[in-house]
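Dear colleague,

Please find below the structure that I am handing over to you. My notes on a sheet and on several charged pairs follow it.

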Amino acid sequence: MITQKDIFALLESQGVKHDDVVTIHASLRAAGPIENGADGLIDGLKTYLSEGLLLVPTHTWAVVNRENPHFDVRATVPNIGTLARVAAFRPDAVRSLHPTHSLAVFGKDARAFVEGEERSATPGPMGGCLSRLYELNGKILLLGVGHERNTYLHAVDERMDLPNRLQPNGFAVTITDWDGRTTLNPDFHPHHVEGIPVGCSEYYPNYKRALEHCGAVTYGQLGNALVYCCDARRMTDAVMHLWQHADRDLCLGEFDIPESWYPQA
């Protein structure tokens, strides 16, 4: 049974500080039994991050789209797993108003952190909650999952303004806030990649060895699950370095990135 003590030990082993900004993607099934389940994991993380912020993705990209262009922060159910569904509606969370890539944010500055997300025109815009992990020296925890679930890398794609990542024709989406007030985001552009039958995130594991090489990712264990601890700034700089050497799109299929392209440790 995973306890709060185990959660604290993991974070300490990975050099996470009490005032860090940390986001997490998790497979609870991979980890095994957790005391108090998803709530227990959230409680452990937020307690440790007593002076920082915990960001739990509560994404709705599968249910908010051109055919159903409405996001209600109070009612739209996340489509990415148990941790997201629990976090989205906890009374101590401030859920952001991003229509497809909302976050449940825990911490004393949560409300200020999510301000303006309803104006996001893309999934991971510069200046948005995800993108700011770079400037804030944030961390990304991948619990029992790999880089294919590392949503932060979409924000890196947008930072680089990569082609073939967003739908060129946007749509208007209605957003209902915490108090029931409604606003209109007039031109939202979701993810879209031509040339592959899946999202490009399925090929983010192509970066894995390069990120290990330069120390952007370290590893720990929680219960039965391997945990990636990713340094947002080092990860971003490493991926941008790889693309400076690239002679192709690095995420349109499985590709063994040459070591000569790796950034130095």
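Two strands are taken as paired if DSSP finds at least two bridges between them. Helices (H or I, at least four residues) and strands (E, at least two) are DSSP runs, numbered from the N terminus. Please note that this is a predicted model, in which local features need pLDDT of at least 70 and side-chain atom pairs count only at pLDDT 80 or more, while totals for chains, interfaces and linings use all residues. Residues are numbered from 1 along each chain as its sequence is written, and side-chain values use heavy atoms, with hydrogens and water left out.

An open sheet is formed by three strands in the order 3-7-8, with mixed pairing. Strand 3 (70-72) and strand 8 (182-188) each have a single partner strand and stand at the edges, so one side of each lacks a neighbour in the sheet. On average, neighbouring strands of this sheet are turned by 20° against each other, direction ignored; the axes behind this angle are lines fitted to C-alpha atoms. Strand 7 (residues 171-176) and strand 8 run antiparallel and are joined by five bridges. Within this pairing, F171 stands opposite F188 in strand 8.

**The salt bridges**

A salt bridge here is a side-chain nitrogen of Lys or Arg within 4 Å of a carboxyl oxygen of Asp or Glu. The structure holds 19 salt bridges. One of them joins the side chains of R90 and D43, at 2.7 Å from N to O. This pair links distant parts of the chain, 47 residues apart: R90 lies in the loop between helix 4 (82-88) and strand 4 (94-95), and D43 lies in helix 3 (residues 37-48). Both residues also belong to a network of salt bridges that links D39, D43, K46, R90 and D92.

For accessibility, buried means under 20% relative accessible area, exposed over 50%, and partly exposed in between (1.4 Å probe, protein chains only). R90 counts as buried because its relative accessibility is 12%, whereas D43, at 29%, counts as partly exposed.

Two further salt bridges may be of interest to you. In the pair of R74 and D72, the closest N and O atoms are 3.0 Å apart. R74 is partly exposed, with a relative accessible area of 45%, while D72 is buried, at 12%. The side chains of R181 and D177 also meet in a salt bridge, at 3.0 Å from N to O. Here R181 is exposed, with a relative accessible area of 51%, and D177 is buried, at 10%.

Yours sincerely

How values were computed: Axes are lines fitted to C-alpha atoms, for helices over the stretch in contact, and angles run from 0 to 180 degrees between N-to-C directions.
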